[in-house]
Amino acid sequence: MSQAHTWDAATAGVVLARLGPRPPLSFFTPAEEAAAGPLLDLLLARRHDDPPVHVLPVIDARLAAREFEGWRYADMPEDDEAWRRSLAALDEEAAVRHDGRTFGAVTHGDRHRLLRHIQDLGAHDWYGMPAGHVWTLWTRYACTAYYAHPYAWDEIGFGGPAYPRGYLRLGRGVREPWETAPVQDQATETDR
């Protein structure tokens, strides 16, 4: 964000809008939101003290506008339907395993175990869809929404848009003139 002054108006508008308040959800129902929020937090390993990255509203807006990625697995429904069915399945599976409680109402550990079970199913059926394809749906939407947010860019070393100035130094380990050197760990190998 320290480079925002170098961006043109269109670029700044797009990036800064990602930091502002999000409109109310229009695709997900309250029950789906209650499952999707904890699901996304687990998929992205989010903690309560992490910077606010609005992933659920971004996914919600995409699904409401039917802005899909242009492809899907032949054995999967359209993305909007797949999200609805998979969130309902999460709640149903949680209810079967945990005395009728929804996915959002069970403990963090129980959620983690349930997601591990789904991931371990791989190509096997999970509520009428291949578990691995459901997993791919969730993770590609989660990652796309998360890494579009400026707070997430630091995690991957992305310095933000360089438009209109462009990038000058293309190469591994080469910094742009405006980038600072990484902080060096002061501990030596013998200290560890």
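## Helices α2 and α6

The axes of α2 and α6 come within 10 Å and cross at roughly 80°, where an axis is a line fitted to C-alpha atoms, for helices over the stretch in contact, and angles run from 0 to 180 degrees between N-to-C directions. The two helices, α2 and α6, are therefore roughly perpendicular to each other, since angles under 35 degrees count as roughly parallel, over 145 as roughly antiparallel, 65 to 115 as roughly perpendicular and the rest as oblique. From α2 the contact takes L39, L40 and L43, and from α6 it takes W135, W138, T139 and A142, contact meaning heavy atoms within 4.5 Å. By class, these residues are 6 nonpolar, 1 polar and no charged, with Ala, Val, Leu, Ile, Met, Phe, Trp, Tyr, Cys and Pro counted as nonpolar, Asp, Glu, Lys and Arg as charged, and the others, Gly among them, as polar.

This is a predicted model, in which local features need pLDDT of at least 70 and side-chain atom pairs count only at pLDDT 80 or more, while totals for chains, interfaces and linings use all residues. Residues are numbered from 1 along each chain as its sequence is written, and side-chain values use heavy atoms, with hydrogens and water left out.

## The protein as a whole

The protein has 7 helices and 2 strands, taken from DSSP runs (H or I, at least four residues, for helices; E, at least two, for strands) and numbered from the N terminus. Read from the N terminus on, the order of these elements is α-α-α-α-α-β-β-α-α. Along the principal axes, the C-alpha atoms fill a box of roughly 55 × 50 × 30 Å.

Of the 192 residues of the protein, 35% count as buried, that is, under 20% relative accessible area, with exposed over 50% and partly exposed in between (1.4 Å probe, protein chains only). Among contacts between residues at least 6 apart in sequence, 61% join residues at least 24 apart.

Helix α2 has 14 residues and reaches 20 Å from its first C-alpha to its last, close to the 20 Å expected at 1.5 Å a residue, the expected span being 1.5 Å times one less than the number of residues. Its buried residues are E32, A35, A36, G37, P38, L39, L40 and L42, and the buried residues of α2 pack against α3, α4, α5 and α6. After α2 comes A45, whose phi is positive, near 55°.

With α5, helix α2 packs at an angle of about 75°, the axes being 11 Å apart, and α2 and α5 are therefore roughly perpendicular to each other. The contact is made by P38, L39 and L42 of α2 together with H108, R111, H112 and L115 of α5, and these residues divide into 4 nonpolar, 2 polar and 1 charged.

## The nonpolar core

The largest nonpolar core has 38 residues, and those with the most contacts inside it are I59, W83, L90, L115, W126 and W138; such a core is a set of buried Ala, Val, Leu, Ile, Met, Phe, Trp, Tyr and Cys residues joined through side-chain atoms within 4.5 Å. Two or more residues of this core come from each of α2 (30-43), α3 (55-64), α4 (79-97), α5 (108-121) and α6 (131-147), and α6 gives the most, with 9 residues.

Leaving aside neighbours within four places in sequence, W138 is in contact with L39, L43, W83, S86, L90, L115, I118 and W126.
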